[in-house]
Amino acid sequence: MGTFAKYLYKEEGGKGKKKRVIIVNQGNKKTCETDHRINLAPVTVLLSIQEKVAVNFVSMLKSQRWITVVIQTLGSTEKGTFVRKYFSECSIPSKASSPTGRSSDIRLDGKTVLLTGGNTGIGKETARDLAKRGARIIIACRDMEKGTAAVKELVEDSGNESIIVKKLDLADTKSIREFAAQINDGEEQINILINNAGVMMCPYSKTADGFEMQFGVNHLGHFLLTYLLLDLVKRSSPARIINVSSTAHKMGSINFKDLNSEQSYSSIKAYGQSKLANILFTKELAKKLEGTGVTVYSLHPGAVRTELGRHLNVVIRASFKLFHFFTKSPTEGAQTSIYCAVAPELETKTGQYYSDCAQVDCSRAASNEETAKKLWDVSCKMVGIDWQ
Ligand SMILES: NC(=O)C1=CN([C@@H]2O[C@H](COP(=O)(O)OP(=O)(O)OC[C@H]3O[C@@H](n4cnc5c(N)ncnc54)[C@H](OP(=O)(O)O)[C@@H]3O)[C@@H](O)[C@H]2O)C=CC1
Ligand SMILES: CC1=C(/C=C/C(C)=C/C=C/C(C)=C/C=O)C(C)(C)CCC1
């Protein structure tokens, strides 16, 4: 371990401290690592400066509880520091190398997790982690072939045989109702519901019920699913509902005059609208569920290398590939979902928005209670339910 690494380990790391440090890539190999919490800070600062300068810099930052320091003595630039910070809001070192391979040792034996879009990307990595904690996992996905392959992989990797797949197409309310009926009939409990599935910036298309695809799948589909499963979730309390949103909510507004983008369609605005809807839904649901033992969270997973970008044009995809070090792996991208699912300190929190395993502010539009109420009522009408 280099001098600087030792200094940081002594000063910032060690068990029982709140501020933690991970040191990676020093001399191109991992040199030391503190416990799991090191990965839970909201911002990573990348230093590629001389040790002496870095020590002073870190001393200066000591009062900031939110700083985690990643030292990469090779292959980083100062520009990278800023781009990384603003682009992905953090790049968290992979936990695959941590002693447990997981973000904490909390067990979920005897608990059931239902997760949408668990066959790939962030959802699959979230499922993998929660399976290793002993939970029964229900992966809800639209493509049974992909889902079955994911289950096989997850069972082999986790040694947990209690992982099943069920068909759910969020672009079809009939499929959502059939799925929910099966779950309500066959499952005794749902302790953690993770509304993770999503589609981003697709060409204009509509769901089976005539909703714009992104609003329909990302928001309305999960809205209806949650409604249909809520009694079971309530009976399973303490329980958690997690809505995977995005920082892209900041680019959106709820266009009540044209929710289905029939008059004009911007794929990015429609994605932003759907992710904003995820947060507004979270806030309103949290209020309605006060006192029930069911808590609700929304989150941004970071910029994660997954199939979500399949509709992005080649130039953007190429840029993402080129600057892949500014983005997260799916394992890293799953950490905030896992945090919201298991962190004991969140037991008493509800309705908030998280990023990099910490509560952060969402946009002003996402905090507007009137919009949240209006969206709730309109969503009820659109999917044909009465949810007070
Ligand atoms: N990747 C990123 O950088 C970011 C992701 N997010 C959010 O994270 C979540 C997970 O995305 P990510 O893992 O990246 O993306 P992926 O595209 O890798 O995974 C999305 C999952 O959603 C499923 N899905 C899509 N449409 C439907 C549908 N109609 N019915 C059922 N399932 C469906 C996909 O199924 P199939 O495999 O069949 O297509 C897939 O399992 C999304 O909500 C996304 O908005 C937020 C911010 C950034
Ligand atoms: C499709 C694709 C890629 C990019 C996916 C990306 C970059 C998704 C980003 C999504 C974001 C930022 C969503 C925000 O809500 C890679 C990894 C380049 C590899 C090639 C295929």
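## Two ligand sites in a predicted model

On its own, ligand 2 has 540 Å² of accessible area, and the protein covers 82% of that.

Ligand 1 has 29 residues around it. Those that come nearest are Asn119, Arg142, Tyr271, Val304 and Thr306. The shell around ligand 1 divides into 12 nonpolar, 11 polar and 6 charged residues.

| Residue | Protein atom | Ligand atom | Distance |
|---|---|---|---|
| Asn119 | polar side-chain atom | oxygen of ligand 1 | 2.7 Å |
| Val304 | polar backbone atom | oxygen of ligand 1 | 2.6 Å |
| Glu307 | backbone N or O atom | oxygen of ligand 1 | 3.3 Å |
| Ser246 | polar side-chain atom | oxygen of ligand 2 | 2.7 Å |
| Tyr271 | polar side-chain atom | oxygen of ligand 2 | 2.7 Å |

For ligand 1, Val304 and Glu307 use backbone atoms, while Asn119 uses its side chain. Taken alone, ligand 1 exposes 900 Å², of which the protein buries 96%. Two elements give two or more residues to its shell: α4 (121-132) and α8 (267-288).

Note on methods: Residues are numbered from 1 along each chain as its sequence is written. Chains are lettered from A and ligands numbered from 1 in the order in which they are written. This is a predicted model: local features need pLDDT of at least 70, side-chain atom pairs count only at pLDDT 80 or more; totals for chains, interfaces and linings use all residues. Side-chain values use heavy atoms; hydrogens and water are left out. A residue is near a molecule or strand if one of its heavy atoms lies within 4 Å of it. A polar contact is a pair of N or O atoms within 3.5 Å; within protein, one must be able to donate a hydrogen and the other to accept it, and residues adjacent in sequence count only if both atoms are side-chain atoms. Accessible areas come from the Shrake-Rupley method with a 1.4 Å probe; for residues, only the protein chains shown count as cover. Helices (H or I, at least four residues) and strands (E, at least two) are DSSP runs, numbered from the N terminus. Ala, Val, Leu, Ile, Met, Phe, Trp, Tyr, Cys and Pro count as nonpolar, Asp, Glu, Lys and Arg as charged, and the others, Gly among them, as polar.
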